[in-house]
Amino acid sequence: MRDDLYSGTGQDPARDAGHTNAPPRVGFFTDTSVCIGCKACEVACKEWNAIPEDGLTLTGMSYDNTGGLGASTWRHVAFVEQPTPSGRTMLPLVEPDRAAGGPAEATGMRWLMSSDVCKHCTHAACLDVCPTGSLFRTEFGTVVVQEDICNGCGVCVPACPYGVIEQRPTDGRAFKCTMCYDRLGAGQEPACAKACPTESIQFGPLDELRERAALRVEQLHDAGVTEARLYGHEPDNGVGGDGAFFLLLDEPEVYGLPPDPVVTTRDLPAMWRHAGIAALSLAGSAALSFVLPALTRRKARR
Amino acid sequence: MTPDTSRTPAAGPDSYYGRPVIKAPSWSAQDIAGYFFLGGLAGAGSVLAAGAQLTGRTTTATALKVSSLTAVGLSAAALIHDLGRPSRFPNMLRVFKPTSPMSMGSWLLSAYGPAAGAAALCAASGRLPKAGAAATTAAALLGPALATYTAVLAADTAVPAWHGVHRELPYLFAASATGAASGMALAVGPLHENAPARCAAALAALADVAALRAVERRLDTVAVTYQEGRAGTLMRAARALTAAGAAGAVLFGHRSRAAAAGAGLALLAGSACTRFGVFAAGIASAEDPAHTVGPQREAVARRTAHSK
């Protein structure tokens with residue numbers, strides 16, 4: 001398998017993509033244990049990037065009327081309403097005695113809130129499959145769509161193992177989070193991280209964020225929050241590590257995240273090989289179809 | 001305020017309120033499944049046309065060249081229609097990118113299209129026979145790739161019913177393309193020239209059954225997306241039409257013009273149903289989060305068991 005065919009096969013995607021003087025790779029660490037579901041990130045993202053509205057319909061589930069990431073939602077806050085035996089929202093912010101007898105128990109529900117975003121994968125399937133070069137790797141190691149080059153073929157949409165990128169119905173072109181490429185260029189942090197009041201969304205050099213995340217998990221485990229876990233932080237996961245990773249308090253699928261995403265182009269050499277063999281067998285069986293009748297006719301004549 | 005949990009789906013352990021984990025392609029079935037079918041018909045048709053040309057079956061050869069040109073023209077139109085604006089198509093040829101099946105396909109289409117066009121025009125007009133022969137050869141060499149690359153286009157996605165069978169799908173597409181082209185040859189060629197088409201129809205039907213069985217075995221629980229709903233109906237119709245077409249071609253294809261034409265049309269319809277069925281199965285698998293989460297959970301479980 002030729003590794004250099006792919007965008008970013010190593011751990012330094014910006015340099016792999018040809019940025020020789022790339023700054024350190026940056027990313028998001030979203031600590032959902034302190035998310036309060038205020039949606040400031042969603043709003044800040046919309047405002048800064050001038051994203052159109054999603055429509056004013058109610059989803060009829062939870063208090064989340066955005067539903068998920070899409071062409072016009074680059075940050076999405078999930079509201080997970082879970083029936084639990086104790087009804088306790090297991091956060092260290094709440095003292096155990098108070099939580100046990102608190103108002104949460106009366107409803108028997110716990111709330112998990114989590115701000116989702118494009119993962120800016122180290123091995124990005126959307127970027128690999130884009131036929132126009134519209135999707136590109138920035139010097140910061142992030143993945144961005146160029147609006148003027150995207151031709152609306154839509155192949156990046158099903159390629160994304162996280163279901164992030166989407167075509168805008170009115171336009172046909174694909175849109176997603178740019179990690180505020182314009183702000184990064186000006187030395188600023190992305191709008192969502194800037195607006196987050198609880199530091200649930202942390203922005204910075206990816207290495208630093210991974211260290212910080214490891215400390216935070218340890219801290220939560222020590223505080224008895226055993227269900228705290230990191231998601232997308234491993235540099236050797238199915239997508240080569242996420243540029244945006246998370247601290248979750250339940251299984252990833254509960255938040256609408258895939259439990260084991262794999263970059264789809266990983267199997268591409270095998271796919272091309274099988275397509276080649278299939279093409280040859282098509283040609284072979286066609287040839288056979290001309291040879292067989294000729295042979296049987298000759299036999300019949302004898 | 002307590003939410004009315006009786007009417008809202010619970011945020012269960014399997015997915016976020018039952019919402020899909022990945023995004024289903026927003027491609028219209030008519031455009032993209034149609035593109036799959038027409039590309040297969042054109043590509044495999046060029047191969048049969050070259051064979052017919054070589055063995056002196058000139059009527060069939062000319063008819064197949066014209067059908068391939070028509071099919072590739074329509075498939076390009078379908079692709080451009082899916083982009084929304086024709087002015088967006090040239091961006092497809094901005095880069096040459098082997099990691100993008102769509103890019104490879106666009107280049108393939110822009111090489112195959114003119115070859116198929118020249119082959120058809122030379123054959124229909126009877127002029128420039130040497131150029132016609134060269135174009136026929138070029139189209140026949142590119143045709144098989146055109147027929148199978150679309151399987152990679154579908155499989156190189158996170159869509160469970162497509163990616164899960166990335167090894168098997170090219171063979172299913174090759175078989176389906178051969179079925180369509182042999183069907184076209186039976187429908188348009190004279191009786192005394194259709195022996196190879198009958199043989200190809202039989203081979204295609206056998207390969208189709210084998211490839212589909214391999215697909216369903218590989219997919220395990222996701223295989224239901226090929227068996228239920230719209231995809232199930234289409235795949236059952238495809239199986240029946242292909243079997244009936246191949247049987248009709250082998251048993252009666254050399255005796256009656258009407259039988260040959262009927263068998264040919266059944267094979268064409270069978271191939272179209274296969275492509276639309278595969279497309280529908282993909283959409284169904286992307287829309288149900290269980291098909292994304294289930295196999296991935298198993299993969300995690302396998303890995304944990306392995307590392308222990």
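The exercises below work through helix packing and a chain interface in a predicted model.

**Exercise 1.** Determine at what angle helix 1 of chain B and helix 10 of chain B cross, and which residues make the contact.

*Solution.* Begin with the two axes: those of helix 1 (residues 29–54) of chain B and helix 10 (residues 257–287) of chain B come within 9 Å and cross at roughly 135°. Helix 1 of chain B is therefore oblique to helix 10 of chain B, and the crossing of these two helices is right-handed. Next, look at the residues: helix 1 of chain B contributes several, including B:I32, B:F36, B:F37 and B:L41, while helix 10 of chain B contributes several, among them B:L268, B:R275, B:F276 and B:F279. Sorted by class, this contact has 10 nonpolar, 4 polar and 1 charged residues.

**Exercise 2.** Work out how helix 1 of chain B is oriented relative to helix 6 of chain B, and find the classes of the residues in their contact.

*Solution.* Helix 1 of chain B and helix 6 (residues 169–188) of chain B pack at an angle of about 65°, with their axes 7 Å apart. Because angles of 65 to 115 degrees count as roughly perpendicular, these two helices of chain B are described as roughly perpendicular to each other. Helix 1 of chain B passes helix 6 of chain B in a right-handed crossing. The contact includes B:A44, B:G45 and B:L48 from helix 1 of chain B, and B:F173, B:A177 and B:M184 from helix 6 of chain B. By class, the contact of these helices has 10 nonpolar, 4 polar and no charged residues.

**Exercise 3.** Describe the packing of helix 2 of chain B and helix 3 of chain B, and state the handedness of their crossing.

*Solution.* Helix 2 (residues 58–83) of chain B packs with helix 3 (residues 101–125) of chain B at an angle of about 145°, and their axes are 8 Å apart. The crossing of helix 2 of chain B with helix 3 of chain B is left-handed. Among the residues in contact are B:V66, B:L69 and B:V72 of helix 2 of chain B, together with B:L109, B:Y112 and B:A116 of helix 3 of chain B. The classes in this contact are 13 nonpolar, 5 polar and 1 charged residues.

**Exercise 4.** Find how much area chain B and chain A bury between them, and how many salt bridges cross their interface.

*Solution.* The contact takes 75 residues from chain B and 77 residues from chain A. Between them the two chains bury about 5,900 Å², with 63% of it on carbon and sulfur atoms. Within chain B, the residues that lose the most area to chain A are B:Y16, B:K23 and B:T99, together 13% of what that side buries. Finally, 3 salt bridges are found across the interface of chain B and chain A. The side chains of A:E253 and B:R297 also meet in a salt bridge, at 2.6 Å from N to O.

Conventions
Residues are numbered from 1 along each chain as its sequence is written. Chains are lettered from A and ligands numbered from 1 in the order in which they are written. This is a predicted model: local features need pLDDT of at least 70, side-chain atom pairs count only at pLDDT 80 or more; totals for chains, interfaces and linings use all residues. Side-chain values use heavy atoms; hydrogens and water are left out. Axes are lines fitted to C-alpha atoms, for helices over the stretch in contact, and angles run from 0 to 180 degrees between N-to-C directions. Helices (H or I, at least four residues) and strands (E, at least two) are DSSP runs, numbered from the N terminus. Angles under 35 degrees count as roughly parallel, over 145 as roughly antiparallel, 65 to 115 as roughly perpendicular and the rest as oblique. A crossing is left-handed if the near helix is turned anticlockwise from the far one by less than a right angle, and right-handed if clockwise. Contact means heavy atoms within 4.5 Å. Ala, Val, Leu, Ile, Met, Phe, Trp, Tyr, Cys and Pro count as nonpolar, Asp, Glu, Lys and Arg as charged, and the others, Gly among them, as polar. Buried area is the accessible area (1.4 Å probe) that two parts lose on being put together, summed over both. A salt bridge is a side-chain nitrogen of Lys or Arg within 4 Å of a carboxyl oxygen of Asp or Glu.
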